Amino acid sequence: MNLELKQHFANLSDSEFLFDTDLSRSSTFALVARGSLLKVRSVPALKKALKLCTEYRLHYKVIGLGANLVLPESFDGLYIKLLLPTPETKMELRETYRFPASINLSKLTQFAAKVGLKGWEVFTGIPATLGGAIFMNAGTRLGEISELVTRVEYITAEGEEQSLIIGSENERERAFSYRKNHFCHNSENKFGRDAIITYVELTHKGYDDTIKDSIKDYQLKRNRSQPISQKTCGCVFKNASRKLHAGKCIDLLGLKGLSHGALSVDHTHANFMVNRGGASAHEFEKLVKMIKSELYLHYGVHFELEVQVSTPL
Ligand code: EPU
């Protein structure tokens, strides 16, 4: 990054720029990583930042909660962390709710449990911001977050504000598929030029007092079946189909405990990798390759990565 651009970022209002900083604590996986980080607190600041990235041909990548990310050891682009203000207004019962993309999903789960919002149990326990969850249409066995979305506001790489209204099932199917959105990706499919989600409007499927019990029950099951207190990046692979669960397939192949350097396939849930300390994206790449080729040999299927990788592996 040249000096002129560094100065532009340093002078941006509503933001904080950290050049070539240690990012090992910016992701739950805690891989060894360095890079430049811009913390952005307003939409105008984000628009300016993206315009600068486009003008100076700089790649960028959003870090939400950093729970589903593999950061490379170094990245000469820009990481962006959104810290948009959450409106202070009390959350009362309504048909739709508009939230900043940077809000933590756990806050929304707490609210859903309190008032019994039907449908919101689908994102229980997913460690993500709302924007990150929409970007990858996150979900659990209870469903996908896209089922609740009625509008998404986002900023393109050129710094333009856009919004997508989802008013019918057809529009939903065009906008989302399994662990994918179809509107934020750059039409030329260029790495590091995706649009950034800023606000999301969510609806619900009515009220139900028992939602808090489903949420609690689901949380307990998840805590038992996943290594939630370890350094992981969530599920590494997407499921190949409803029957071919990546975790189950890896487990059946006896690959739990398989290691490369400081990285191991988890013993509780085989679709997780645990960083025992000091692992890097290089080790991740190696372990992924080993598992993918075993999976292909035995199941004849290429399992795709679910985790977001900041530079193409
Ligand atoms: N299983 C095994 N061995 C394992 C792991 C799982 O036999 O090591 C079996 C389980 O016993 C179960 C089946 O495989 O019969 C499916 O397992 P699970 O219920 O954990 O679901 P999953 O498909 O492996 C999905 C999501 C998770 C989400 C869980 C729970 C994907 C790729 N993963 O996992 O999401 O937490 O359902 O709802 O869709 C994530 O997105 O990062 C993530 C972890």
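Is glycine 64 buried or exposed, and at what relative accessibility? At 18% relative accessibility, glycine 64 counts as buried, where buried means under 20% relative accessible area, exposed over 50% and partly exposed in between (1.4 Å probe, protein chains only).

The legends below describe a predicted model, in which local features need pLDDT of at least 70 and side-chain atom pairs count only at pLDDT 80 or more, whereas totals for chains, interfaces and linings use all residues. Residues are numbered from 1 along each chain as its sequence is written, and side-chain values use heavy atoms, with hydrogens and water left out.

**View 1. The loop that holds glycine 64.** Glycine 64 lies in the loop between strand S3 (60-62) and strand S4 (69-70); strands (E, at least two residues) and helices (H or I, at least four) are DSSP runs, numbered from the N terminus. Not counting residues up to four places away in sequence, glycine 64 touches Lys81 and Thr129, contact being defined as heavy atoms within 4.5 Å. Lysine 51 is 13 residues from glycine 64 in sequence, and the two are 20 Å apart in space, C-alpha to C-alpha.

View 2. Strand S2 (residues 34-40) and strand S5 (residues 74-82) run parallel and are joined by six bridges, with leucine 38 standing opposite isoleucine 80 in S5.

**View 3. The contact of H1 with H2.** The axes of helix H1 (residues 3-11) and H2 cross at roughly 175° and come within 10 Å. The two helices are therefore roughly antiparallel to each other, since angles over 145 degrees count as roughly antiparallel, under 35 as roughly parallel, 65 to 115 as roughly perpendicular and the rest as oblique. Leu5, His8 and Phe9 in H1 meet Ala49, Leu52 and Cys53 in H2. The residues of this contact divide into five nonpolar, one polar and no charged, with Ala, Val, Leu, Ile, Met, Phe, Trp, Tyr, Cys and Pro counted as nonpolar, Asp, Glu, Lys and Arg as charged, and the others, Gly among them, as polar.

**View 4. The nonpolar cores.** A nonpolar core is a set of buried Ala, Val, Leu, Ile, Met, Phe, Trp, Tyr and Cys residues joined through side-chain atoms within 4.5 Å. The largest has 58 residues, and those with the most contacts inside it are Phe9, Trp120, Leu130, Ile134 and Ile197. Helix H2 (residues 43-55) supplies the largest share of this core, seven residues. Apart from it lies another core, of 25 residues, among them Val70, Leu263, Val307 and Val309.

**View 5. Strand S13 and its two partners.** Strand S13 (residues 196-203) is largely enclosed by the rest of the structure, because seven of its eight residues are buried. Five bridges join S13 to strand S6 (residues 96-100), antiparallel to it, and proline 100 stands opposite tyrosine 199 in S13. Strand S9 (residues 149-155) also runs antiparallel to S13, through six bridges, and the bridge partner of valine 149 is leucine 202 in S13.

**View 6. The packing of H3 on H6.** Helix H3 (residues 105-115) and helix H6 (residues 211-225) pack at an angle of about 135°, with their axes 7 Å apart, and H3 is therefore oblique to H6. Thr109, Ala112 and Ala113 in H3 meet Ile211, Lys212, Ile215 and Gln219 in H6, a contact whose residues divide into four nonpolar, two polar and one charged.

View 7. Three bridges join strand S15 (residues 263-265) to S16, in which valine 274 is the bridge partner of serine 264.

Note on methods:
Pairing = 2+ DSSP bridges. Axes fitted to C-alpha atoms, helices over the stretch in contact; angles between N-to-C directions.
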